[in-house]
Amino acid sequence: QSALIRDQRLQPSLLLGLEVFRQLGSNPQTLGLLLDNVQSHPQLSQFLVGNTSPVTSLAISPDGRIIASGSADDSIILWDATTHQPIGSPLKGHLDSVKSLAFSPDEKTLASGSLDNTVILWDMDSREMIGSPLIGHSGSVNSLAFSPDGKILASGSSDNSIILWDT
């Protein structure tokens, strides 16, 4: 039955497989279900498993080597895009769900925006926060983008504003 659903409608099959995995945890049967989806649909490359709550934002570094995932548990996980494993410990600094992520063009900085109305800049070498959180929005920071030269970071918020930050 699940193979028939999988072949006819990938999205429901994948969603069911992920929900079973989430509910029942990692075991041979649930991993088999996910693997079956990957093998049957070559456009699915890999499942990155490690977030402890819903993933709310994603960004891929300009060189494609690092994937950043923001989560409802206020953390950011950095993933090695080749090994599909987490890089170090999660980045923690926000007080609420991480809603947006962006890498600077030179890949030295990761910006994160949150439901806590702040933007945090992260040094990608040390994995530490650069200075204090940027405060200016009165609503969640839902989008981020660096200028091509990396000197300006734009943040968009649910408060209907866009702020341009000098980086």
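Reader: Which backbone oxygen lies 2.9 Å from a polar atom of the side chain of Ser-157?

Author: The backbone oxygen of Ser-140 does. A polar contact is a pair of N or O atoms within 3.5 Å; within protein, one must be able to donate a hydrogen and the other to accept it, and residues adjacent in sequence count only if both atoms are side-chain atoms. The backbone oxygen of Gly-139 also lies 3.1 Å from a polar atom of the Ser-157 side chain. The model is predicted, so local features need pLDDT of at least 70 and side-chain atom pairs pLDDT 80 or more, while totals for chains, interfaces and linings use all residues. Residues are numbered from 1 along each chain as its sequence is written, and side-chain values use heavy atoms, with hydrogens and water left out.

Reader: Why is Ser-157 called buried?

Author: Its relative accessible area is 11%. Buried means under 20%, exposed over 50%, and partly exposed in between (1.4 Å probe, protein chains only). Because 11% falls under the limit for buried, Ser-157 gets that word.

Reader: Which residues does Ser-157 touch, not counting residues up to four places away in sequence?

Author: They are His-137, Gly-139, Ser-140, Val-141 and Asn-142. Contact means heavy atoms within 4.5 Å. Ser-157 itself lies in strand β11, residues 152-157. Strands (E, at least two residues) and helices (H or I, at least four) are DSSP runs, numbered from the N terminus.

Reader: What makes Ala-145 partly exposed?

Author: Its relative accessible area is 39%. Ala-145 lies in strand β10, residues 141-146. Not counting residues up to four places away in sequence, Ala-145 touches Ala-102, Ile-152, Leu-153 and Ala-154.

Reader: Why do the side chains of Arg-65 and Asp-63 count as a salt bridge?

Author: The N to O distance is 2.4 Å. A salt bridge is a side-chain nitrogen of Lys or Arg within 4 Å of a carboxyl oxygen of Asp or Glu. The pair meets that rule because 2.4 Å is within the cut-off. The count by this rule comes to one salt bridge.

Reader: Are Arg-65 and Asp-63 called exposed or partly exposed, and why?

Author: Arg-65 has 55% relative accessibility and therefore counts as exposed. Asp-63, at 33%, counts as partly exposed.

Reader: How many helices and strands does the protein chain have?

Author: The protein chain has three helices and twelve strands. Of its 167 residues, 37% count as buried.
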